[in-house]
Amino acid sequence: MLLKALIFKKNELWVLDQRLLPHQEEWLCCSDATRVAKVIRDMAVRGAPAIGVAAAYGYLLGAHRGCEEGRVLTPEALRPVYDELAAARPTAVNLVWALDRMVACLANCAGLDAESSLQRLADEASAIESEDVESNLAMGQYGSALIEPGQWVLTHCNTGALATAGQGTALGVVRDAWSAGRLEGVYVDETRPWLQGARLTAWELAQEGIPYRLICDSAAASVLASGRVGCVLVGADRIAANGDTANKIGTYSLAVLARHHGVKFMVVAPRSTIDRDCADGRSIEIEHRPADEVRSLAGRPVAPTDAPVENPAFDVTPAALIDALVTEAGVVQRPDRGGIARLFE
Ligand code: MRU
């Protein structure tokens with residue numbers, strides 16, 4: 001059975017603490033929006049679509065709390081809840097995309113009593129979750145058809161069930177390509193500093209029985225040079241209107257390597273990850289994370305304790321290096337402004 005990153009039941013959001021995986025499985029309970037913002041900020045739940053779903057439920061919990069405190073339920077009254085959740089992580093646009101949907105839903109509740117408004121908000125959060133499941137399935141089919149049978153692919157970070165509400169984006173394509181017998185196996189970048197590849201993707205693939213080899217990030221060049229990899233598959237945190245794509249740090253270097261070695265580079269992401277208000281990659285805000293993530297490994301110091309550090313969590317791959325963008329609405333080959341705009345027609 002597919003792993004779940006989060007479960008909403010009885011007005012509580014339960015989040016599988018991904019900081020402890022794969023060796024410990026612990027669920028964290030969030031009963032208010034502040035707690036949801038914290039689990040997103042601290043990366044107990046991570047991956048662009050998953051944090052969008054978590055934020056939607058966080059907004060719902062904020063509305064419940066507002067109601068208990070006797071506040072009228074309006075987008076203006078819940079503005080502090082929106083702001084707190086939106087500020088949790090800046091790069092993944094799915095977070096504000098999901099919050100904006102909740103705000104639009106609440107704005108349409110004018111004239112309804114509190115109970116009906118809360119029900120509408122609960123339905124909207126649940127719709128955001130189930131639409132993500134559906135779009136993962138569609139992307140899996142579109143993407144799998146692009147994999148030449150008999151290939152190994154290479155992936156970065158974690159884009160699977162732990163990063164979404166469903167089977168995943170790039171890892172959803174891997175799942176479907178494997179079921180269709182089109183895939184030999186997967187090279188998994190360990191993905192320093194947070195090790196999403198080593199801790200999460202390797203774990204997901206092992207559970208599915210999909211053959212994989214875990215590699216150090218710095219091994220990607222020689223693996224691509226070996227000719228064994230037919231395609232690099234990655235997810236995205238924010239795609240600008242021209243196709244420039246922000247994703248986990250290290251993605252850009254993979255795109256350069258893939259182009260150099262004549263290997264296809266494919267981005268797999270739902271349309272909720274496309275930010276049409278963002279003209280190009282230069283306007284994407286990049287999250288910088290704490291220095292100790294780089295100075296240490298699995299909680300143990302590996303560098304001088306005061307080593308000056310730069311720790312950008314994401315980088316931007318120029319659209320020109322992307323061969324295909326796979327969305328739930330279809331595939332854009334060589335994504336550019338026109339191709340991206342057509343996805344929304
Ligand atoms: O910092 P993270 O782990 O939230 O970063 C996740 C990624 O970069 C993923 O590739 C992206 O969110 C797509 S997940 C389907």
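Residues are numbered from 1 along each chain as its sequence is written. In this predicted model, local features need pLDDT of at least 70 and side-chain atom pairs count only at pLDDT 80 or more, whereas totals for chains, interfaces and linings use all residues, and side-chain values use heavy atoms, with hydrogens and water left out.

The ligand is surrounded by 18 residues, a residue being counted if one of its heavy atoms lies within 4 Å of the molecule. The closest are Arg-46, Arg-89, Gln-196, Asn-247 and Lys-248. Polar contacts are pairs of N or O atoms within 3.5 Å; within protein, one must be able to donate a hydrogen and the other to accept it, and residues adjacent in sequence count only if both atoms are side-chain atoms. A ligand oxygen lies 3.0 Å from a backbone N or O atom of Gly-47. Of the 420 Å² of accessible area that the ligand has on its own, the protein covers 99% (Shrake-Rupley method, 1.4 Å probe). Helix H2 (48-68) and strand S9 (245-248) are the elements that give two or more residues to the shell around the ligand; helices (H or I, at least four residues) and strands (E, at least two) are DSSP runs, numbered from the N terminus.

Asn-247 is located in strand S9 and is buried, with a relative accessible area of 4%. Buried means under 20% relative accessible area, exposed over 50%, and partly exposed in between (1.4 Å probe, protein chains only). The Asn-247 side chain reaches the backbone oxygen of Gly-235 at 3.4 Å. Not counting residues up to four places away in sequence, Asn-247 touches Val-234, Gly-235, Ala-236, Asp-237, Ala-313, Phe-314 and Asp-315, where contact means heavy atoms within 4.5 Å.

Helix H6 (residues 170-179) is largely enclosed by the rest of the structure, because eight of its ten residues are buried. These are Ala-170, Leu-171, Gly-172, Val-173, Val-174, Arg-175, Asp-176 and Ala-177. Their cover includes helices H5 (114-144) and H7 (196-208), together with strands S4 (151-155), S5 (183-189), S7 (229-234) and S10 (264-268). Just after H6, Gly-181 takes a positive phi of about 70°.

Cys-109, in the loop between helix H4 (94-107) and H5, is also buried, with a relative accessible area of 3%. Not counting residues up to four places away in sequence, Cys-109 touches Ser-117 and Arg-120.
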